[in-house]
Amino acid sequence: MSAGPDPIHMTSLGNGDSLHQQVLASFPLSDMTEEDLIRNPQLCKLLATLAQHVDQTGLTVSLKSELDKAEQKLQTQRRHWLHSESLYRGLQEMIQDCCVRKHHTTVPPDQTMFCETVDKCLLVAQCVRMLDPSSSINQDQPSVLGLNPQQVLELMPSEKTVQRMKQSLPRELEKHLKKKCLNLLSYYQPEWENESEGLKNSKLSHLSVLLDKEKKRAESLKDTCRENTVLLQRQTQLYLSELIKCVQLLQSLILDHRLKTQTDLDGKKLEYFEGKCELVLQKIKAEMVEIQLDTYTADAISAHRKIRGKLESELKACQVEKQSVELKLASFEILGKDFEALAQEYCKLRQEIEMKNWAVKEFMQYSNK
């Protein structure tokens, strides 16, 4: 774990070339940027003062000291547990190797006796531990199968066999561990597998140092990867903020261009409707002349006059609506964003013109009859 805040570094905090850079260096796990500190000077001062009392992980000096003590205690307990666990697993592997060798080759009787004694001792020890209640368990709780530790201990091999096993145990365990270390050495450096036994033992003595270097190198790469990840996250946030600004600017340009283009398009549509209205009026006048020439009866003339009066009134109303639309178009060019209401008026005018065209066609059909 890292040590507490450096007094020399904290004393000089705020006296260097850039207070913002020093604050960011004191809190590397935060997502703050130099722009955030510039926009919030009071926060920058608060963090500079806070950096004198906490380390880079945010722990106070007293809490850091207690955490170090607890971690030292934990490491001690962990070493004891690892020592016992390694010894137990080593003995289990020795027993398994012996069982495997029995199925392939002939195992010497003393070796077989040794493995069986170790196996039985481990089983008895496990059973005794399970039957022996701890201080946290109710003492009146019934035991497993009604057994007590003393009854299980009676299943231990004879004292003479156990003593013989204990005498051979260090030597056999050393041979087993040496074999595992050589296998590890061959896996770590395959080119050393064909070396002599003495050279392997010499290189084996340096294996722990090599593995420790590899472990430190892996931890260093892991720290570098973590720092790069934090840097990448900051750059990603900066990139996204700039991208959002660009999108907003692009939307603004698109909206301005759309309004300008829409105004020109509306003007062209108005010119088209004007020309279309004039063409319709010319056709109506021509049809009216033909109706005047083809009318022979007073009833037809009276009907023609009525229709003519109706069409003239509709023409006047259409001209009035045209003037109204022109006035609204002029006001739209000034207001800019009232296009939707004007578009609805255009649609209404177009529908009325189509209705008038239909009325003229009906009138022509009636006159031809």
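Q: What makes Arg 101, Arg 171, Lys 175 and Lys 179 a patch of positive charge on the surface?
A: Lys and Arg count as positive, Asp and Glu as negative, while His and the chain ends are not counted. Patches take residues with over 30% relative accessible area and no salt bridge, joining like charges within 9 Å and nonpolar side chains (Val, Leu, Ile, Met, Phe, Trp, Tyr) within 5 Å. Arg 101, Arg 171, Lys 175 and Lys 179 gather in such a patch. This is a predicted model, where local features need pLDDT of at least 70 and side-chain atom pairs count only at pLDDT 80 or more, while totals for chains, interfaces and linings use all residues. Residues are numbered from 1 along each chain as its sequence is written, and side-chain values use heavy atoms, leaving out hydrogens and water.

Q: Which helix gives the most to the positive patch?
A: Helix H8 (residues 159–188) does, with 3 residues. Lys 175 lies in this helix. Helices here are DSSP runs of H or I with at least four residues, numbered from the N terminus.

Q: Why is Lys 175 called exposed?
A: Its relative accessible area is 51%. Exposed means over 50%, buried under 20%, and partly exposed in between (1.4 Å probe, protein chains only). Lys 175 is therefore exposed.

Q: Why is Lys 64 called buried, and why does Asp 68 count as partly exposed?
A: Lys 64 has a relative accessible area of 4%, so Lys 64 is buried. Asp 68 has 27% relative accessibility, so Asp 68 counts as partly exposed.

Q: What makes the meeting of Arg 89 and Glu 85 a salt bridge?
A: The N to O distance between their side chains is 2.9 Å, so this pair also meets the cut-off. Arg 89 and Glu 85 are 4 residues apart in helix H5, about one helical turn.

Q: How many salt bridges does a search of the whole structure find?
A: The search finds 7 salt bridges.

Notes
Accessible areas come from the Shrake-Rupley method with a 1.4 Å probe; for residues, only the protein chains shown count as cover. A salt bridge is a side-chain nitrogen of Lys or Arg within 4 Å of a carboxyl oxygen of Asp or Glu. The place of a charge is taken as NZ of Lys, CZ of Arg, CG of Asp or CD of Glu. Helices (H or I, at least four residues) and strands (E, at least two) are DSSP runs, numbered from the N terminus.
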